[in-house]
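Here is a short report for a reader new to this structure. Look over the sequence and the model first, then read on.

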Amino acid sequence: MRLTRRQAGAVVGALGGALLLISAIVTTPATSAHTGASHPRYRVTLLGSLGGTSGAGSSVNDRGWVAGFSNLPGDQNTHAVVWRQGKAIDLGTLGGPNSAVLWPVKNNQGLVAGVAETARTDPLGEAWSCSFFFPSATGHTCLGFVWQDGHMRGLPTLGGDNGFATGANKLGQVVGWAENRVHDPTCNPPQVLQFRAMVWDTRHGHPRARELPPLRGDTTSAATAINDHGQIAGISGVCDNAVGRFSAAHAVLWEHGKALDLGSLGGVAWNTPMAIDQQGQVVGFANLPLPGGDPGAFDAYAFLWTRDGGMRDLGALPGDTTSQALGVNGRGQVVGISCGAGGCRAVLWEHGAMTDLNALLAPGFGGHLVVANDISDAGAITGQAVNPATGAAVAFRATPAPGPAGGEG
C-alpha cells in the first residue's frame with residue numbers, strides 16, 4: 001500500500017521490506033471496547049516534541065527510555081528522539097534533513113538504532129525505504145545508524161547507497177537491511193538496487209556487517225527484529241518498491257544464518273514480522289487471501305507465530321478490517337493497532353484476548369491512543385496519541401497504575 005504523505009488518517013506504509021506504522025494520524029476515534037476489571041489501568045504521559053505537530057514513540061526499554069521521532073517546527077523535517085527523565089533528546093542526523101527510530105529496539109545499555117539521511121544526494125534517484133516515513137521526499141541517501149552516549153554512527157552497506165536499521169539486542173547486535181550493487185530486474189522504478197538483510201556487530205570500533213540470505217528463489221531480504229539469543233525475524237521476497245508488498249512475500253526467521261519460512265495467513269504479500277521475544281515467538285502482520293482482488297493490496301491482520309503452533313491470526317476489534325501486532329514483551333503481552341472505517345485504535349493482546357487500550361486508561365486523560373508500537377517487560381507502552389488540547393499527533397508513554405512501571409535511567 002502506498003498512500004500520499006499528507007492523506008488524512010494516513011497509514012504510513014512499510015519500509016524497505018514491509019512495515020506499517022502510523023505517522024501523523026489524526027482520525028475520528030472509533031468506539032472503544034469495554035474490558036473487565038482484571039486488566040490494569042494505565043496512566044498516560046504525553047511526551048514533548050521538537051516543535052512540530054507530529055511524532056511517535058516506537059520503542060520503550062526496561063530503563064523507561066522511549067525512542068521514536070518528532071517533527072521540527074513547520075513539519076517539513078523529522079528527527080530521531082530519545083525521551084529520558086521527561087526530556088526530549090534530539091539525536092540529529094548523518095548530515096541530511098531527516099532521521100527517525102521506527103522499530104522496537106530491545107537494548108537496555110543505551111544503544112538506539114534507526115535511520116538517518118546523509119548530506120549526499122542519491123546518485124540513482126531511488127525512493128529508498130526511509131523516504132516514505134519522512135514528511136517529504138528529499139532525494140538524499142539514507143543509512144541505518146546506532147546512537148550511544150550522545151554519538152550517532154552510520155552503518156555500512158553492502159556497497160550500495162542506502163541502508164536501514166531496525167532492532168537491537170543486549171549484545172549490541174543491530175539488524176536491518178542494506179543495498180548492494182546489483183541492478184535487480186524485480187525492482188520497480190525508481191528503485192534500482194537489490195537489498196539484503198543485515199546484522200551489524202557494534203561492539204567494536206567499526207561495526208562488522210554480515211548478510212542474511214533470502215529464501216531460495218527470492219532476490220531480496222530484510223531483518224526487522226532480533227532477540228538476545230541471536231534469533232532474527234524479517235522478510236524475504238522480490239525488490240518491488242522497497243516499501244513492503246511483494247518484498248514481504250514471505251515472513252522468515254533466521255537461526256544460525258539459515259532462513260525458515262514462517263508461513264502466512266493465506267496472502268502472498270505484506271507478510272511482516274515486527275518483533276520477537278526471548279522465547280522465539282514472533283508477532284507482526286500478514287495479508288489475508290484476496291480472491292479476485294489485487295494480491296498486493298494491504299489486507300493484513302495481526303499474527304502470532306510459535307514453533308509449535310505456526311502462524312495464528314490474532315483478529316481485530318469488532319467492526320475493524322485490519323490490524324497489526326507491533327511489539328511484544330517477555331510476559332507475552334502484545335501491542336499494536338486495529339483500524340476500520342471509524343479510525344484506528346491502540347490495542348493490547350493478553351490472555352488470548354484483544355482490548356482497545358483506550359478502554360484501559362485511568363481517569364484524567366481526554367485524548368486518544370492511535371497506535372501502540374512497543375511494550376517493555378515492566379508493562380510500559382509507547383506509541384502515538386492525539387493530544388486533546390492541541391489535536392497534534394504526539395508520542396506517549398503509558399504505565400500500569402498505580403505508579404510508573406520501570407524506572408528511567
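## The whole protein

The model is a predicted one. The protein has 28 strands and zero helices. It counts 409 residues, and 60% of them are buried.

How much of the contact pattern joins residues at least 24 apart in sequence? Among contacts between residues at least 6 apart, the share is 53%. The accessible surface comes to about 14500 Å². Carbon and sulfur atoms hold 52% of that surface.

Take the pair β1 and β28 as an example. Strand β28 covers residues 393–400. Five bridges join β28 to β1, and the two run antiparallel. In one of these pairings, V44 has A398 in β28 as its bridge partner. In general, the strands of a sheet pair through backbone hydrogen bonds.

D201 is found in strand β12. Is D201 buried or exposed? Its relative accessibility is 14%, so D201 counts as buried, the cut-off being under 20%. The side chain of D201 makes a polar contact with the side chain of R203, at 2.8 Å. Neighbours within four places in sequence aside, D201 is in contact with G172, H206, P207 and R208.

H204 is partly exposed, with a relative accessible area of 35%. G172 comes up again here. H204 and G172 are 32 residues apart in sequence. In space, their C-alpha atoms are 9.4 Å apart.

## A cis peptide bond

Where does the chain hold a cis peptide bond? One runs from P189 to P190, with omega near 10°. P190 lies in a loop, between β11 (173–183) and β12. Strand β12 is also the strand that holds D201.

## Two residues with positive phi

Two loop residues have a backbone angle worth a look. D75 is not a glycine, yet its phi is positive, near 60°. D75 sits in the loop between β3 (66–71) and β4 (78–84). With a relative accessibility of 16%, D75 counts as buried.

R245 is not a glycine either, and its phi is positive at about 60°. The place of R245 is the loop between β15 (232–237) and β16 (250–255). Is R245 buried or partly exposed? Its relative accessible area is 23%, so R245 is partly exposed. The cut-off for buried is under 20%.

Conventions: Residues are numbered from 1 along each chain as its sequence is written. This is a predicted model: local features need pLDDT of at least 70, side-chain atom pairs count only at pLDDT 80 or more; totals for chains, interfaces and linings use all residues. Side-chain values use heavy atoms; hydrogens and water are left out. Buried means under 20% relative accessible area, exposed over 50%, partly exposed in between (1.4 Å probe, protein chains only). Two strands pair if DSSP finds at least two bridges between them. Helices (H or I, at least four residues) and strands (E, at least two) are DSSP runs, numbered from the N terminus. A polar contact is a pair of N or O atoms within 3.5 Å; within protein, one must be able to donate a hydrogen and the other to accept it, and residues adjacent in sequence count only if both atoms are side-chain atoms. Contact means heavy atoms within 4.5 Å. Accessible areas come from the Shrake-Rupley method with a 1.4 Å probe; for residues, only the protein chains shown count as cover.
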